[in-house]
Amino acid sequence: MISLLILGVDIDPILHEAGLKVKKALYEKVKDFDMGNFLENITTFWETHSLGSVEVKNLQPLTIGVQDCFECGGLPYLSQPVCAFDSEILESLFSLYNQEEVKVMERMLCFGR
């Protein structure tokens with residue numbers, strides 16, 4: 001992945017499509033009618049499957065922090081978001097939960113750079 005990014009290859013569409021393909025199967029594993037339980041299930045799933053750590057930062061608006069993501073963990077600083085797979089999965093999960101399309105905005109926060 002690093003080599004492709006360095007060469008300027010945009011892999012976001014591939015990761016986006018992969019995220020779409022796993023959404024329903026994953027939703028069945030984390031769904032809950034209660035938003036608090038739903039968020040906790042997502043957090044637990046991410047950690048259990050070594051996808052990174054998820055932390056709910058704020059409920060209004062819903063703000064989630066993902067650290068040590070399997071996609072970008074270990075990558076050098078690239079000055080751009082590179083977590084299209086996580087973003088698409090979260091977007092799909094919350095769209096299914098809300099029964100309407102939800103958009104996820106990925107922001108990159110870097111400390112000490």
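## Buried or exposed?

A residue counts as exposed when its relative accessible area is over 50%, as buried when that area is under 20%, and as partly exposed in between. Leu-59 has a relative accessible area of 53%, so Leu-59 is exposed. Keep those cut-offs handy, since they come back further down.

What you're looking at is a predicted model. The average pLDDT for the protein chain is 78, and 68% of the residues score at least 70.

## The overall layout

Start at the N terminus and follow the chain: the elements run α-α-α-β-β-α. In total the protein chain has four helices and two strands.

Of its 113 residues, 32% count as buried. The accessible surface comes to about 7600 Å², and 54% of that belongs to carbon and sulfur atoms. Now for the contacts between residues at least 6 apart in sequence: 47% of these join residues at least 24 apart.

## The nonpolar core

The largest nonpolar core contains 17 residues. Inside this core, the residues with the most contacts are Leu-26, Val-30, Phe-38, Ile-42, Trp-46, Leu-93 and Phe-94. Helix 4 supplies the largest share, six residues.

Leaving aside residues up to four places away in sequence, Phe-38 touches Tyr-27, Val-30, Lys-31, Asp-32, Leu-93, Phe-94 and Tyr-97.

## A nonpolar patch on the surface

Nonpolar side chains turn up on the outside too. Val-56, Leu-59 and Leu-62 make a nonpolar surface patch of about 230 Å². Leu-59, the exposed residue from the opening, lies in strand 1 (residues 53-59).

## Salt bridges

How many salt bridges are there? The count comes to three.

One joins Glu-28 and Lys-31, with the closest N and O atoms 3.1 Å apart. Glu-28 has 51% relative accessibility, over the 50% cut-off, so Glu-28 counts as exposed. Lys-31 has 41%, so Lys-31 counts as partly exposed. Lys-31 is also one of the residues that Phe-38 touches. Another salt bridge brings together the side chains of Glu-55 and Lys-57, at 3.3 Å from N to O. Both partners fall in the middle class: Glu-55 is partly exposed at 43% relative accessible area, and Lys-57 is partly exposed at 49%.

Then there's the pair Glu-91 and Lys-103, whose side chains meet at 3.5 Å, N to O. This pair links distant parts of the chain, with Glu-91 in helix 4 and Lys-103 in the segment after helix 4, twelve residues apart. Which of the two is buried and which is exposed? Glu-91 has a relative accessible area of 12%, so Glu-91 is buried. Lys-103 has 61%, so Lys-103 is exposed.

Technical notes:
Residues are numbered from 1 along each chain as its sequence is written. This is a predicted model: local features need pLDDT of at least 70, side-chain atom pairs count only at pLDDT 80 or more; totals for chains, interfaces and linings use all residues. Side-chain values use heavy atoms; hydrogens and water are left out. pLDDT is the predictor's confidence in each residue, from 0 to 100. A nonpolar core is a set of buried Ala, Val, Leu, Ile, Met, Phe, Trp, Tyr and Cys residues joined through side-chain atoms within 4.5 Å. Buried means under 20% relative accessible area, exposed over 50%, partly exposed in between (1.4 Å probe, protein chains only). Contact means heavy atoms within 4.5 Å. Patches are made of residues with over 30% relative accessible area and no salt bridge: like charges are joined within 9 Å, nonpolar side chains (Val, Leu, Ile, Met, Phe, Trp, Tyr) within 5 Å. Accessible areas come from the Shrake-Rupley method with a 1.4 Å probe; for residues, only the protein chains shown count as cover. A salt bridge is a side-chain nitrogen of Lys or Arg within 4 Å of a carboxyl oxygen of Asp or Glu.
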